[in-house]
Amino acid sequence: MNQVRGIFGLTQDDNIGKIGFPAVQAAPSFPGVFPHIFGSRKDVRCLIPCAIDQDPYFRMTRDVAPRLGYMKPALIEARFFPALQGESGKMSASDPNSAVFVNDTAKQIKDKINKYAFSGGGATLEEHRANGANLDVDVPWKYLNFFMEDDSKLANIGREYGAGRMLTGEVKAELVALLTDIVGRHQKARAQVTEDIVDAFMAVRPMHSALKR
């Protein structure tokens, strides 16, 4: 309890749920939570993909794990995925314009990117041509870095946009086309998923392939 308070800056006045939550967050790091998969084994290491905001939980977990007889979990820390409004904003289901959702239509994706995706381009065409785009704050550029698989095309867009030879509208058009294709393919695949498939996937069951080395 003292360790949790020290890491997260909690006090005696905080709700007990705040103090208990880090243990809940840490529990899936250990194979003992999944006896139907790992049995009584303790020699299975957990790999956790997460963003930097989750780091304190698992640093704590790595410290505690050996005392519980488990291996320390390993982390892969990813970059934050910004809201459409930029780094100062936050994606939220309560704000439909803060993100592109997997059930958005092609028109919704286009409207969101064109209207709400924060641009690092110049305020005027002349300013943009002269100074280029600020790629450090440009949300369409950041999204392309996550989703565009063609590295040479991505690098070219970065050079042209950063130099002012490519306009914000052109970059947004690239992103709209890319996200529309990705979301469309996801929606088609999702439409093939039945309740029986979901039940089979979520069922508690032995997973012998997970134990193969």
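Guide: A helix here is a DSSP run of H or I with at least four residues, and such runs are numbered from the N terminus. P140 lies in one of them, helix α7, which covers residues 139-147. Please note that the model is predicted.

Visitor: What makes P140 count as buried or exposed?

Guide: Buried means under 20% relative accessible area. P140 has a relative accessible area of 1%, and therefore P140 is buried.

Visitor: Which residues are in contact with P140, leaving aside its neighbours within four places in sequence?

Guide: Contact requires heavy atoms within 4.5 Å. With those neighbours left aside, P140 is in contact with A117, F118, V171, K172 and L175. K172 is 32 residues from P140 in sequence, yet their C-alpha atoms are 6.0 Å apart in space.

Visitor: How many helices and strands are in the chain, and in what order do they run?

Guide: The chain has 10 helices and two strands. From the N terminus on, the order is α-α-α-β-α-β-α-α-α-α-α-α.

Visitor: What is the hand of the crossover from β1 to β2?

Guide: The chain passes from β1 through helix α4, residues 55-64, to β2, and this β-α-β crossover is right-handed. The word applies if, with the strands pointing away from the viewer, the path from the first strand over the helix to the second runs clockwise.

Visitor: Which residues of α4 are buried, and what covers them?

Guide: D55, Y57, F58, M60 and T61 are buried in α4. Their cover includes α1 (2-8), α2 (16-26), β1 and β2. As a general point, an α-helix has 3.6 residues a turn, so residues three or four places apart point the same way.

Visitor: Why is L75 called partly exposed?

Guide: The term is used between the limits of 20% for buried and 50% for exposed. L75, in strand β2, has a relative accessible area of 25%, and is therefore partly exposed. Leaving aside neighbours within four places in sequence, L75 is in contact with L47, I48, D55 and F58. The C-alpha atoms of L75 and F58 are 7.9 Å apart, although the two residues are 17 apart in sequence.

Visitor: Why is F21 called partly exposed?

Guide: F21, found in helix α2, has a relative accessible area of 37%, and so F21 is partly exposed. F21 and R45 are 24 residues apart along the chain, and their C-alpha atoms are separated by 22 Å.

Visitor: How does the radius of gyration of the chain stand against that of a compact globule?

Guide: The chain has a radius of gyration of 23 Å, whereas a compact globule of 213 residues would have one near 17 Å. The C-alpha atoms fill a box of roughly 65 × 45 × 35 Å along the principal axes.

Visitor: What share of the residues is buried?

Guide: Buried residues make up 28% of the 213 residues in the chain. The chain exposes about 13600 Å², of which carbon and sulfur atoms supply 57%.

Terms used: Residues numbered from 1 in each chain as written. Predicted model: local features only at pLDDT ≥ 70, side-chain atom pairs only at ≥ 80, totals over all residues. Heavy atoms only, no water. Buried < 20%, exposed > 50% of the residue type's maximum accessible area, 1.4 Å probe, protein only. Rg over C-alpha atoms; globule rule 2.2 N^0.38 Å. Areas by Shrake-Rupley, 256 points an atom, 1.4 Å probe, with all protein chains shown as cover.
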